[in-house]
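Here is a short briefing on one structure. Look at the sequence and the model first, then read the points below.

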Amino acid sequence: MGKIVFAGAMSHVLDPEYYDRACGAVGRQTVEAVMAEIARMGERLSARKPDALIVVADDHLNAFSFNAVPALCVRIGRDVQRMTQDHAEAFDKVLEHMPERYPLHEDLANAILEQGLEAGFDLALSWEAPVDHAFLSPVNTMHGARPIPPLVPIWVNCFVAPQPTARRCFAFGQHIARVVARSPWNVGIIATGGLSHFPELSLPRVGETDTVFDRKLIHWMERGEHEPLLELTTAELHKAGEHEFLNWMVLLGAVTPARADVRYFGELRRINMAAVEWSLP
Amino acid sequence: MEPSVSRYAVNSLLYRLKKEPDFRERFTADPAAALARLDLTEPERSAFIARDMRKINELGGYLHLVMSIPGLAAH
């Protein structure tokens, strides 16, 4: 019987140069501190020898543009490529120097997809979509020079309205847990992004966060109280700059009612950085 | 929801500027000419010609595109 052997969630622009440019020395120090915690989380993940690592993250209008924007999408196939961007700017720059291809855990991805459709989740699938910093920055920070287990990338549409609901993301996470339990594999799962930043996706508001909202989310996660999180609306998340918490909702569904241990929370003008790990039975 | 038609025109243009280096080069050399055949409102066209990313964002341009187009990004 399969098992979720590791669960963690973390911010996903893990680039000291980016935060040095955006926020000065304090930006560099903060991201280096969260990266150190994420690297330690990666050591614990590796020690549990996972057969696969599910990564729940969002696209930043890189992989999916305007021909289709899936609410929930499972990447299938044998491997996935890193997004390429000429003359990369801002958060795209962190991808440079990362490995270009990553093996996938085809059987687990197919099981999540096929059993999902059977269970009433109208999931999208992709054989070709590349992954951006939301996937690869945490994965590479966690593993350093160690081998990366076969991945199962899953996208949640966090930004292009109308997004899936928090409740639906949580239900999809519960589905993932059932698939893993029926499988023969030990599986790690991470969700990435956040915490609060870029409220209302408004350029003049870049530099604002909502620490009160972040602490409220953390409070519920630490206590394993997931009911109030199911009530979060897309409008609330948009207003507070918590768009990417939808990724975390998938993870919460997969591990509920496990309690979160906050490994790092740091306030920064541009974004509040977090690294969280769940205590699993 | 925001008005989706206008959002589409602005964002598909932002996406091309990010992902198509040749189009970006033409736009950089002569923005008005590069946009001539595109179906944009006058405020949209003016904002792009002025490279006013703040205005483009106000008109529905997604923040992550506005912040990551090579050579044109708002920081």
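Which side chain of opposite charge is nearest to A:Asp59, and how far away is it? In this predicted model, that side chain is B:Lys19, at 7.5 Å. A salt bridge needs a nitrogen and a carboxyl oxygen within 4 Å. A:Asp59 is buried and has no salt bridge.

**Around A:Asp59**

- A:Asp59 sits in a loop of chain A, between strand 2 (52-57) and strand 3 (72-75).
- The side chain of A:Asp59 has a polar atom 2.9 Å from the backbone nitrogen of A:Ala63.
- That side chain also reaches the backbone nitrogen of A:Phe64, again at 2.9 Å.
- Neighbours within four places in sequence aside, A:Asp59 touches A:Phe64, A:Asp132, A:Trp155, A:Val156 and A:Phe159.

- The size of an interface is often given as the accessible area lost when the parts come together.
- Here, chain A and chain B bury about 2,300 Å² between them. Carbon and sulfur atoms account for 65% of that area.
- A:Phe66, A:Glu89 and A:Leu203 supply 29% of the area that chain A buries against chain B, more than any other three residues.
- Chain A brings 26 residues to the contact, and chain B brings 28 residues.

**Charged and polar links between the chains**

- There are 2 salt bridges between chain A and chain B.
- A:Asp92 and B:Lys18 form a salt bridge through their side chains, at 2.7 Å from N to O.
- On the side of chain A that touches chain B, 15 residues are nonpolar, 7 are polar and 4 are charged.

Terms used
Residues are numbered from 1 along each chain as its sequence is written. Chains are lettered from A and ligands numbered from 1 in the order in which they are written. This is a predicted model: local features need pLDDT of at least 70, side-chain atom pairs count only at pLDDT 80 or more; totals for chains, interfaces and linings use all residues. Side-chain values use heavy atoms; hydrogens and water are left out. Helices (H or I, at least four residues) and strands (E, at least two) are DSSP runs, numbered from the N terminus. Buried means under 20% relative accessible area, exposed over 50%, partly exposed in between (1.4 Å probe, protein chains only). Lys and Arg count as positive and Asp and Glu as negative; His and the chain ends are not counted. A polar contact is a pair of N or O atoms within 3.5 Å; within protein, one must be able to donate a hydrogen and the other to accept it, and residues adjacent in sequence count only if both atoms are side-chain atoms. Contact means heavy atoms within 4.5 Å. Buried area is the accessible area (1.4 Å probe) that two parts lose on being put together, summed over both. Ala, Val, Leu, Ile, Met, Phe, Trp, Tyr, Cys and Pro count as nonpolar, Asp, Glu, Lys and Arg as charged, and the others, Gly among them, as polar.
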